[in-house]
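Please keep the sequence and the structure in view while reading.

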Amino acid sequence: MTLKVIISGASAGLGRALARHYADSGATIGLIARRADLLENLAAEMAEVSIYVADVRDASALRTAAEDFIVRHGCPDIVIANAGISHGTLTECAEDKEVFEDILATNVVGMVNLFQPFISVMRTVGQGSLVGIASVAGYRGLPGSGAYSASKAAAISYLESLRVELHGSGLSVITICPGYVITPMTADNPFPMPFILTAADTARKIARIIESKKSFAVIPWQMAIVARVLRLLPNFLYDRLFAKAPRKPRLNHKGHKGHKENYQVPD
């Protein structure tokens with residue numbers, strides 16, 4: 001039976017790598033992203049694909065996309081909420097409030113918007129996997145990345161809640177926390193990124209986790225150790241170690257990169 005897979009944030013980075021991985025395995029793919037040109041270029045490489053130009057913050061657009069995919073191809077086997085954005089933010093800067101809202105709306109509410117229109121039909125079929133791409137950045141709050149860390153922590157908790165809600169339904173809810181991945185998000189980082197993986201390698205590892213239906217995983221395994229150590233650090237020590245850490249660039253009110261400090265959290 002042909003696997004049917006939905007992927008949000010599919011136009012670049014990890015989403016693009018996941019799309020290529022599943023297409024190469026012969027799956028029927030539904031690709032969701034905001035950039036039509038990149039989606040069309042990617043779709044041209046694939047045999048069985050439907051593309052949907054939509055922002056995951058737009059619940060109505062995602063419902064329309066879900067309905068169209070189900071009519072064309074049937075109930076998906078895997079729905080991957082991969083879409084996400086990241087910018088440096090500072091609470092003291094009033095102009096960053098909109099950036100905070102955009103990050104939380106995309107990385108958390110966007111995940112809800114993607115899953116919601118598929119759950120009832122997947123429940124009826126009694127099978128399928130809902131996969132959320134979170135991050136090890138959700139383990140501890142990173143200075144200058146309050147919005148991103150908060151969004152990924154929220155995603156981890158949301159996915160756990162959903163997993164328990166759907167227990168016994170036949171649906172799997174899978175939380176995946178990548179470490180550093182070579183994508184446009186990390187391209188300009190001026191510092192070492194430990195255990196960094198290519199997007200293609202990360203996509204293959206994610207696919208294996210989904211196939212095994214493991215409920216929670218950190219990629220790669222070395223980052224799982226780092227994340228656990230960070231979580232166990234007492235606050236006084238964590239604060240001392242990270243207070244002066246370099247920070248991600250902010251967006252100023254004109255939409256350009258502000259501070260030159262560049263701390264790029266994982267995808």
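Helix 4 passes helix 5 in a crossing that is right-handed. The model in which this is seen is a predicted one.

**Helix 4 and helix 5**

- Two packed helices are described by the angle between their axes and the distance between the axes.
- For helix 4 and helix 5, the axes come within 8 Å and cross at roughly 20°.
- Because angles under 35 degrees count as roughly parallel, helix 4 is roughly parallel to helix 5.
- On the side of helix 4, the residues that meet helix 5 include Phe100, Ile103, Leu104, Val108, Met111 and Phe115.
- On the side of helix 5, the residues that meet helix 4 include Ala147, Ala150, Ala154, Tyr158, Leu159 and Leu162.
- Sorted by class, this contact of helix 4 with helix 5 has 16 nonpolar, three polar and three charged residues.

**Helix 1 and helix 6**

- Helix 1 (residues 13–24) packs against helix 6 (residues 199–212) at an angle of about 60°, and their axes are 8 Å apart.
- This angle makes helix 1 oblique to helix 6.
- The crossing of helix 1 and helix 6 is right-handed.
- Among the residues of helix 1 in this contact are Leu14, Ala17, Leu18 and Tyr22, and among those of helix 6 are Ala199, Ala203, Ile206 and Ile210.
- By class, the contact of helix 1 with helix 6 has 10 nonpolar, three polar and one charged residues.

**The nonpolar cores**

- In soluble globular proteins, nonpolar side chains tend to be buried together.
- The largest nonpolar core has 35 residues, and Val79, Leu114, Phe115 and Leu130 touch the most other members.
- At least two residues of this core are supplied by each of helix 3, strand 4, helix 4 (97–125), helix 5 (146–165), strand 6 (171–178) and helix 7 (221–232).
- Helix 4 gives the largest share of this core, namely six residues.
- Not counting residues up to four places away in sequence, leucine 114 touches Ile6, Ser8, Ile32, Leu62, Val79, Ile80 and Ala81.
- Another core, of 31 residues, lies apart from the largest one, and its members include Ile7, Leu14, Val131 and Ile174.

**Two buried residues**

- Proline 76 is located in the loop between helix 3 (59–73) and strand 4 (78–81).
- Proline 76 counts as buried because its relative accessibility is 0%.
- Although proline 76 and serine 129 are 53 residues apart in sequence, they are 8.7 Å apart in space, C-alpha to C-alpha.
- Beyond its neighbours within four places in sequence, proline 76 is in contact with Lys4, Ile6, Phe69, Ile70, Phe118, Met122 and Gln127.
- Serine 149 belongs to helix 5.
- With a relative accessible area of 4%, serine 149 is buried.
- Leaving aside neighbours within four places in sequence, serine 149 is in contact with Ala137, Gly138, Arg140, Gly141 and Leu142.

**A partly exposed residue**

- Histidine 87 is placed in the loop between strand 4 and helix 4.
- Histidine 87 counts as partly exposed because its relative accessibility is 26%.
- Histidine 87 and asparagine 235 are 148 residues apart in sequence, and in space they are 24 Å apart, C-alpha to C-alpha.
- The contacts of histidine 87, apart from neighbours within four places in sequence, are Val99, Ile103, Lys248, Pro249 and Leu251.

Terms used:
Residues numbered from 1 in each chain as written. Predicted model: local features only at pLDDT ≥ 70, side-chain atom pairs only at ≥ 80, totals over all residues. Heavy atoms only, no water. Helix = DSSP H or I, 4+ residues; strand = E, 2+ residues; numbered from the N terminus. Buried < 20%, exposed > 50% of the residue type's maximum accessible area, 1.4 Å probe, protein only. Contact = heavy atoms within 4.5 Å. Axes fitted to C-alpha atoms, helices over the stretch in contact; angles between N-to-C directions. Parallel < 35°, antiparallel > 145°, perpendicular 65-115°, else oblique. Left-handed = near helix turned anticlockwise from the far one by under 90°. Nonpolar A, V, L, I, M, F, W, Y, C, P; charged D, E, K, R; others polar. Core = buried A, V, L, I, M, F, W, Y, C linked by side-chain atoms within 4.5 Å.
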